[in-house]
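Dear colleague,

My notes on it follow directly after it.

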Amino acid sequence: MTSEILTVLAILGVAIVLMITERLRADLVALLMALALALAGAITPEQAFSGFSRSAVITILGLFILTHGLYRTGITARLGGALVHLAGERQALLVLLTVALAAVLSMFMNNIAAVALLMPAVMDAGRRTGTAPSKLLMPLAYGATLGGTATLLTTSNILVSAVLQEQGLRPFGLLDFAPVGLPLTAIGILYLLALGHRLLPETSTIAPFERPASAPKTLADAYALGERLTEVNVTAGSALAGKTLAESQIGERLGLSVLGIRRSGQSLLLAPLPDQRLHAGDTLLVAGRAERVDQLTDFGCQVQAPAACVDQLSNDRVVLIEVLLAPRSAAAGRTLKELRFREKYGLSAVALWRGGRPYRTDVGDMRLQFGDTLLVYGARSRVAILQADPDFLVLAQPEMPVRARKGWLALGIMAAALVAAALNWLPIAEAALLGALGMVVTGCLTMDEAYRAIEWRAIFLVAGMLPAAIALTQSCLLYTSDAADDLLCVDLG
């Protein structure tokens, strides 16, 4: 074995260990590996960065944009509504529709995108039927994995096809995997229905999902938010008078959330911004433990009776929503303060559900764990920013997008791109990119929305991994060539 092969294998081994141990993020490891291979001389600098121009990367990028076009025009919301309507109260049918729909969607889009699009609809259906999230989310994941085996449009299949093409071989077609993938998907779905669903756990965290979450009042009740609401009066001599909410540091010092401000002669101002200035005579609607609220008397405030206005926490401008950490979220293990959640999204996390119970004080200081659900409060206009972040999943059916009239156009563009690739009219990368640009040109998406739709971590991960294939191929070819030369010398001798 040559030194070139040993060098490449050593770098790959270190990268694999780092990914398995999660000491570094996978996309960072992939980029470091590409640079290490170039510095070691296994590949040229041009080859180290060639991953960003590969057809596989362009295909994945185009699929992210195409998928977001379906979401932004309301197609996926209609699918979720149809899921709830067809299943009704029948849990077995709901599981079947969940896994089948996940399998079908993952055949034509990236698995992660398919799960992210369906998760809000599935969670809403679970709340309506009283089904535990584990009974639906695991079939959702299995369905997406099974469906991804039936077509080319899965990241691993796309990568293998791209490598074949670069080696001068015929790449895989869109439906080349179907003869094996479709029967495998059907067998997997039948197993889940016949036996698999009996093995799924039923967690105790179902409580907040057993009631409909479409109404903010119901969400507030689920998190027992009313038990922690108190009205506090800012007196004339209060240290808070004249300061903004940010300057008062009520949240940082006491772990409290100010949900609203009632000013003399004015209606209740909900979800006040950090730069909202407090005046003497203001009444603050505060959420948090009573003993923490009582500490506001040290600032010259007067604590009044517990508030009874839970049903007034939402209007046309302000909303309560539930948010879940996404799979492989970078937010896990970090606090909301470290994430600068309020500054970044303009929303406040007023409660957190963990281990079957809500926490409503010091939410910003709690380190987030997978399975945590946040009760988020703020302007409706800011929810779209949170929805666009791949680290979080909004667990409420989104409102019908403003471009609902372009739904059929977006669906047609997606179908045209898939047909062009399936019939070999265009290479898969060109078809995906053309479809993505079609979404923007026709107004289904804006260019900024297209950029936000791309999961850049996945793009950098794939682009960083592709040079490893070049290094392995070249080192093996070099070894084969040297071996052939040695044999030739022996024969001539």
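Below are the conventions, and then the findings, grouped by region.

Please bear in mind that this is a predicted model, in which local features need a pLDDT of at least 70 and side-chain atom pairs count only at pLDDT 80 or more, while totals for chains, interfaces and linings use all residues. Residues are numbered from 1 along each chain as its sequence is written, and side-chain values use heavy atoms, with hydrogens and water left out.

Strands and sheet pairing

Two strands are said to pair if DSSP finds at least two bridges between them. A residue is called buried under 20% relative accessible area, exposed over 50%, and partly exposed in between, using a 1.4 Å probe and protein chains only.

Strand β7, residues 347-354, is mostly covered, with eight of its eight residues buried. Six bridges join β7 to strand β9 (residues 373-379), and the two run antiparallel; three bridges join β7 to strand β8 (residues 357-359), again in an antiparallel arrangement. L352 has a bridge partner in each of these strands, namely L374 in β9 and Y359 in β8. Between β7 and β8 there are two residues, the pair of strands forming a hairpin, and G355 in the turn has a positive phi of about 60 degrees.

Strand β9 is likewise mostly covered, seven of its seven residues being buried. Seven bridges also join β9 to strand β6 (residues 318-325), and these two strands run antiparallel, with L320 standing opposite Y377 in β9.

In strand β5 (residues 301-306) we find Q304, which counts as partly exposed at 32% relative accessibility. The C-alpha atoms of Q304 and L284 are separated by 9.9 Å, although the two residues are 20 apart along the chain.

Pocket and cavity

Both terms come from a 1 Å grid over the protein atoms alone: a cavity is a set of points where a 1.4 Å probe fits but cannot get out, a pocket is an open set with protein on both sides within 12 Å along at least five of seven lines, and lining residues have an atom within 4 Å of a point. Grid points are joined across faces, edges and corners, and a volume is the space filled by probe spheres set on the points.

The second largest pocket has a volume of about 690 Å³ and is lined by 26 residues, of which G251, E252, L256, R342 and S348 lie nearest its centre. The elements giving two or more residues to this lining are α12 (245-248), α13 (250-254), β2 (257-262), α15 (336-339), α16 (341-345) and β7, and the largest share, four residues, comes from β7. By class, the lining of this pocket has 13 nonpolar, five polar and eight charged residues, where Ala, Val, Leu, Ile, Met, Phe, Trp, Tyr, Cys and Pro count as nonpolar, Asp, Glu, Lys and Arg as charged, and the others, Gly among them, as polar.

S248 lies in helix α12 and is buried, with a relative accessible area of 4%. S248 and F299 are 51 residues apart in sequence, yet 9.5 Å apart in space, C-alpha to C-alpha.

There is one cavity of 30 Å³ or more, and the largest cavity has a volume of about 40 Å³. Its lining consists of L63, L66, L153, A417, L418, A421, I428, A431 and A432, with α4 (55-72), α18 (407-422) and α19 (428-441) as the elements that give two or more residues to it. These lining residues divide into nine nonpolar, no polar and no charged.

Helix α1

In helix α1 (residues 3-21), I5, V8, I11, L12 and A15 are buried. They cover an arc of only 135 degrees around the axis, which puts them on the same side of α1; the arc is that of the directions from the helix axis to the C-beta atoms. Just after α1, E22 takes a positive phi of about 60 degrees.

With best wishes
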